[in-house]
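User: I'm new to this one. Can you walk me through its charged pairs?
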Amino acid sequence: PVCRVRTEPHCTLVALDHGSGWRNVHVPNTLHTLGVFSGSYLGVARCLWPCPGMRVRGQVFTVFLLAILAAVIGGLLLTGNGVSLPGHDRHRIRATNVLCVAQFGQSMVFVAIAAVISAFVVSATYAFGDITVWWHGVQDVLAHQEQGHAAYLLGQYSRTGWPYYFLVAFLIKTPVGSLVAIFASWLLFWKGSEWSGREALFLIVPVYLIFAATAEAQINIGLRHILQAYPLLFVAAGRITTFRTQRVWQVPVACVAVVVTTMASSLWAAPHYLAYFNESVGGSLNGQYYLSDSNIDWGQDLKALKKYMQREGVPMIYLSYFGDAPPERRGIHYQYLPAFGPRIPPPDDLVPADTDRQLLAISLFNLYGVAFDDKSIYRWLRQRHPIATIGYSIHVYDITNDATAHLQLADIYR
């Protein structure tokens, strides 16, 4: 299978970094400090980690993670809070107007140690061989950023993206209950416990920088590119538990409501979490009208499509599939329709003219022509109602004895 740069692992490392940093502020020790720096370096390395011989799919804005992490760590030092270092006095001297030189020097030593450890881990991944593959991957990402990427948002198409793309994705792909908690903790700042300067540095500054960096990104293909903001937002959302009201029961009830609505919304979409959209846009079924690509369709429903064909007793279909996996590996017998993506030469098989049922399945990415020069190639299908939707990412249409549909297909094949 083609290797992709995955977002989830580096988000885990970012969460480790910020989680350790948060603990280090409140309960300083060497282990938490190691988590800060190791999470920082390994997170950045994983953001840009290419697989040997494979093309890296763009996540160039994650380079800005370096600036985010530097801002957090530097801010701690400049505010006199620093980080806990081996042999460092637990009752750290709080610098007021100037940076403590000794503390800064110790911190830089620890940064260097963490950098060496992280470099060793990355090198070991390549069996201590040609690590320049990693650098070539970084260059590929930067080149991809310069070229842009075909994207879809609110019925519009672009190769250079939109400044508000990730903000829109965040608002419609985050459960409403979670959004309420997040915005309440930010907007109702005068209620509950106040954020200290250190807490604001950890929870507000990185989120702002992530959204600011992605506003400049020309690769607008998925909410996964800002997943690293979620651990910080959820920690911040926890502040609502400290709110004080005239009736003591109101805050616990509100917190339970937030958790229950988030759980219910998530479970309702199960197991199709990739294609999740919240209730503000009508749920996952309406997500196709707002976003595309890895927000909803990453070729994940081939297996479900095969099960549908078996259940309906349909041995062969017309298929336009967006994804890297050859459909025939799932046992899908199909007649190829124009599709986007790397593909082994498609079969030359044709759906028999006398078959009892003629079904056409198409991935939403292709249905909306996101990567096609001719965006209207499947517009005629968008004007029809599918007889089934497979996992929210593949529409199925019945074109049996449908002369108009077959004329459209003939025009496509021409």
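Analyst: What follows is a short tour of the salt bridges in this predicted model.

User: How many salt bridges are there?
Analyst: The count comes to four.

User: Which residue does Arg-357 pair with?
Analyst: Asp-398 is the partner of Arg-357. Their closest N and O atoms are 3.7 Å apart.

User: And where do those two sit?
Analyst: Arg-357 is in the loop between strand S4 (334-336) and strand S5 (359-363), while Asp-398 is in strand S7 (residues 394-398). So the pair ties together parts 41 residues apart in sequence.

User: Is Arg-357 buried, partly exposed or exposed?
Analyst: Arg-357 is partly exposed, at 26% relative accessibility. Asp-398 is also partly exposed, at 31%.

User: New pair. What about Asp-402 and Arg-384?
Analyst: Their side chains form a salt bridge, 2.6 Å from N to O. Asp-402 lies in the loop between S7 and helix H15 (403-413), and Arg-384 in the loop between helix H14 (379-382) and strand S6 (388-390), so the pair links parts 18 residues apart in sequence.

User: Is Asp-402 buried or exposed?
Analyst: Buried, because its relative accessibility is 18% and the cut-off is under 20%. Arg-384 is partly exposed at 26%.

User: What does Arg-414 do?
Analyst: The side chain of Arg-414 meets that of Asp-411 in a salt bridge, 3.2 Å from N to O. Arg-414 is exposed, with a relative accessible area of 75%. Asp-411 is partly exposed at 44%.

User: Which residues are joined into one network?
Analyst: Glu-312, Arg-357 and Asp-398 are, through salt bridges that share partners.

Definitions and conventions:
Residues numbered from 1 in each chain as written. Predicted model: local features only at pLDDT ≥ 70, side-chain atom pairs only at ≥ 80, totals over all residues. Heavy atoms only, no water. Helix = DSSP H or I, 4+ residues; strand = E, 2+ residues; numbered from the N terminus. Buried < 20%, exposed > 50% of the residue type's maximum accessible area, 1.4 Å probe, protein only.
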